[in-house]
Each structure stands twice: as structure tokens, then as C-alpha cells.
Amino acid sequence: MTISRRSFSAGMIASALFGRAHAAEAPPHDMSMTPKEWVGSEQIAMLMYPGFTALDLVGPQYMFGNLMGATVHLVAKTREPVMSDTKLAIAPSATLEECPRDLDILFVPGGSSGTLSAMRDEAIMAFVKDRGKRAKYVTSVCTGSLILGAAGLLQGYRATSHWITRDLLPLFGAEAAGGRYVIDRNRITGAGVTAGVDFGLAIVEQRRGRDYAKAIQLLAEYDPTPPLDAGTPEKAGPETTKLMADMFAGFRAEVATIAEGR
């Protein structure tokens, strides 16, 4: 029987993903036959801090966790569970000190008041600066790009953020850009919250190729058809946009203050 490369590839991914739960049993496929270019050894650090937005992290983590051979570190100041802004607690797998020094991908999620606190936290900012200056890719979703900016890691780069704060990026020397995600050399930034899924899938494609990324998209059944069409200011309209923007006027002012104090 002849098996196409595409069919074989999809089978290898499914085996890798679903076979983990049955590690003690005989593997259904010989994984030694997996194409070499589909297996890596990336070291990925995903920062967590009190008040971060869980979906900023969980969407990309799903994608990163399905990169065959990659190691994903959920990093925080301690190993105690970190409470997100919606009260979902996630347990870290490494502290700031335990995280590998040389990373393939550094990732920073966003938030609101928690993000402001992180931007003022000396230990967190020292970690972001240190790992970011050596990481092969420096990445973020939502207002996580403000943390990267405050760490001096977006100077001279195109980047995006949540629409509420995207225009603040030039305060940190970045060029604000639109889109669900923006790639500028080794800086990859995602827009707000749900854009993290698109962002993560784009990185999977970069690291493992288009066929692999398509299989992961299918596995995730990522085919969004939202019941409403109000996911951007242009689609939501001026009244709804103003309502949300006014709620974050104080947040924007605090970001500007932090930028001035750098």
C-alpha cells in the first residue's frame, strides 16, 4: 500500500499527540520514521505574573505544546499557582531563576492592572531583559508587548498590541502596526487575547512547516464562526468602542507614566 507524505505526516502528528496518554503501551506507529524536519528541541519560556490574561497564554501554549520535541516552561517568580485576571490559577513549571538562560522563544502575555504591576516589578523586568536579549524569538500577545517595550526589546521594531493600547507602542520606540499578529525579524507580537491562537499557529508554521500547522489547526478544530461580528473597533462601531476605551483611560495613563520614567 502506498501512503502519501501528507497522509503519513498527519498520522505521525496524531500519534505524537494522542499516544502520550498511552505511553506504557506499545506505540501504534514507529516514531523513528517521523521526518526529521518535524521534530525540534526548542526551549520555550512563557512568562506568568499575577493578573495576566489566561487566554493570552493558553491559546499559544496549546500551539507550542504541540511542537514535537519542544519543551515549554511556564515561568513565574515562584512555583505557587499564578492567578489570572479572570481568577483562573495556573501552576508554573519553573521559577525565573530556574528558566533556561538561552531560549528559542520568549513569550509574554498581557493583562491590565497585572501588566502594570509586572512593568514595575524589578525581578520580572530583569528576567524579560536578560532572556529577551539572547532569545531567538521575542514574542507577546495583547498588552504583553508593552512589557517587551518597557524592557527595551521593541526599539526599532514593528509590533502590535490590544487595540486599546496599540497606539502607545511608539512610547517605547516601536512602530505600531495592525493585524492579528505582526512579524518583524525575530519579534512576533499578537493583538488582543484571541489573536493568540492565530499568533501561535503562525509560529507552528514557521517552526514545522505548512502541512504540520494545518494538521494542528484541524486537531484544534480551529474554524471560528462567532455569533457576533464586533471583534474590532471598526466592526463594533463608535458607541461600543468608546465605552470600552473609556474604561481603560486610567490604564493608558499609567502606561504613559511608566514609559516616561524609563
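In the predicted model, β1, helix α2 (residues 54–65) and β2 form a right-handed β-α-β unit. Right-handed means that, with the strands pointing away from the viewer, the path from the first strand over the helix to the second runs clockwise. Helices (H or I, at least four residues) and strands (E, at least two) are DSSP runs, numbered from the N terminus. Strands β1 (residues 43–47) and β2 (residues 71–76) pair in the parallel sense over five bridges; pairing requires at least two DSSP bridges. Ala-45 has His-73 of β2 as its bridge partner. Two bridges also join β2 to the parallel strand β5 (residues 94–95), where Thr-95 stands opposite Ala-76.

Residues are numbered from 1 along each chain as its sequence is written. Local features need pLDDT of at least 70, side-chain atom pairs count only at pLDDT 80 or more, and totals for chains, interfaces and linings use all residues, while side-chain values use heavy atoms, without hydrogens and water.

Six aromatic pairs occur in the whole structure. Rings of Phe, Tyr and Trp (its six-membered ring) pair if their centres lie within 6.5 Å; planes under 30 degrees apart count as stacked, over 60 as edge-to-face and the rest as tilted. The Phe-107 and Phe-199 rings have centres 5.7 Å apart and planes at 45°, so this pair is tilted. Phe-107 lies in strand β6 (residues 105–108) and Phe-199 in helix α6 (residues 195–208), so the pair ties together parts 92 residues apart in sequence. Both are buried (under 20% relative accessible area, with exposed over 50% and partly exposed in between; 1.4 Å probe, protein chains only). Phe-64, Phe-107 and Phe-199 form one aromatic cluster.
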